[in-house]
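Trainee: I'd like to go through this structure with you and find out what the labels on it rest on. Can we take it one label at a time?

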Amino acid sequence: MFEYHSLSSRAGEQEFTVERQFAAPRALVFQVFTQPEHLKRWWAPQPYTVPTCTIDLRPGGIWHYAMRSPEGQEHWSRSVYSEIIPPEKLVYTSTFADEHANPIEGIPEHLTTIIFTEEGGKTRVTAHVQFENAEALKVALDMGMQQGMNMTWDYLVEYVQTIQAK
């Protein structure tokens with residue numbers, strides 16, 4: 001299950017960082033961050049689901065997905081990859097989008113850098129999320145973005161354990 005000592009989450013003036021250690025090889029953890037069939041299983045905070053997820057994993061490629069509420073409302077997002085170094089690093093910008101991946105108003109666009117570090121058979125994942133300014137960070141934090149990431153990463157801990165048990 002989730003080990004609280006493996007979680008670190010801190011916010012700065014224009015960014016926040018979430019860090020977690022997973023008892024899994026780095027290649028596997030990288031896969032669950034970059035393959036739609038995996039992301040559909042853990043990416044959304046409960047009780048939301050991810051019915052649609054597509055990924056074009058290359059610089060300039062788009063990751064486009066919908067989170068569905070229990071009432072059936074879909075909230076679309078898109079990320080555009082700028083750097084991919086398997087299984088070490090992902091860099092992308094993200095924002096809310098429509099069902100055609102066109103950006104829309106809502107959450108401020110942000111730059112996410114995810115580093116996957118191997119540590120004695122485990123993997124430390126560090127996500128650094130940067131915003132244009134402090135006001136944009138405040139909007140995202142007030143929407144619960146940091147808590148949502150922590151919640152989904154809790155699901156990821158369980159999901160990785162399930163995969164490895166197979």
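Mentor: Start with R68, which stands opposite E74 in strand 5. This is a predicted model, and here strand 4 (residues 62-68) and strand 5 run antiparallel.

Trainee: What makes strand 4 and strand 5 a pair?

Mentor: Two strands pair if there are at least two bridges between them. Seven bridges join strand 4 to strand 5, so they count as paired. They form a hairpin with five residues between them, and G72 in that turn has a positive phi of about 95°.

Trainee: How do you know that strand 5 and strand 6 pair, and in which sense?

Mentor: Again by the bridges: there are nine, and the sense is antiparallel. I84 stands opposite L90 in strand 6. This hairpin has three residues between its strands.

Trainee: What makes A101 worth a look?

Mentor: A101 has a positive phi of about 75° although it is not a glycine. You'll find it in the loop between strand 6 and strand 7.

Trainee: Why is A101 called buried?

Mentor: Buried means under 20% relative accessible area. A101 has 11%, so it is buried.

Trainee: What makes helix 1 mostly covered?

Mentor: Helix 1 covers residues 26-34, and seven of its nine residues are buried. Among them are L28, V29, F30 and F33.

Trainee: How many aromatic pairs does a search of the whole structure find?

Mentor: It finds 12. One of them is F33 with F116, at 5.3 Å centre to centre and 80° between the planes.

Trainee: Why is the pair of F33 and F116 called edge-to-face?

Mentor: Ring centres must lie within 6.5 Å to pair, and planes over 60 degrees apart count as edge-to-face. With 5.3 Å and 80°, F33 and F116 pass on both counts. F33 lies in helix 1 and F116 in strand 7 (residues 110-119), so the pair ties together parts that are 83 residues apart in sequence. Both F33 and F116 are buried.

Trainee: How do you know that W42 and W43 form an edge-to-face pair?

Mentor: By the distance and angle again: 5.3 Å centre to centre and 75° between the planes. W42 is buried, and so is W43. These two also belong to one aromatic cluster that includes F30, F33, Y65, F116 and W153.

Trainee: What is the volume of the largest pocket, and which residues are closest to its centre?

Mentor: The volume is about 620 Å³. Of the 27 residues that line the largest pocket, the closest to its centre are Y65, M67, F96, I107 and M145. Strand 4, strand 5, strand 6, strand 7 and helix 4 (145-165) each supply at least two residues of the lining.

Trainee: How do the residues of that lining divide into nonpolar, polar and charged?

Mentor: There are 15 nonpolar, 11 polar and one charged. Gly counts as polar in that tally.

Definitions and conventions: Residues numbered from 1 in each chain as written. Predicted model: local features only at pLDDT ≥ 70, side-chain atom pairs only at ≥ 80, totals over all residues. Heavy atoms only, no water. Buried < 20%, exposed > 50% of the residue type's maximum accessible area, 1.4 Å probe, protein only. Helix = DSSP H or I, 4+ residues; strand = E, 2+ residues; numbered from the N terminus. Phe/Tyr/Trp six-rings, centres within 6.5 Å; stacked < 30°, edge-to-face > 60°. 1 Å grid on protein atoms, 1.4 Å probe; cavity = no way out; pocket = protein on both sides within 12 Å on 5 of 7 lines; lining within 4 Å. Points joined across faces, edges and corners; volume = space filled by probe spheres on them.
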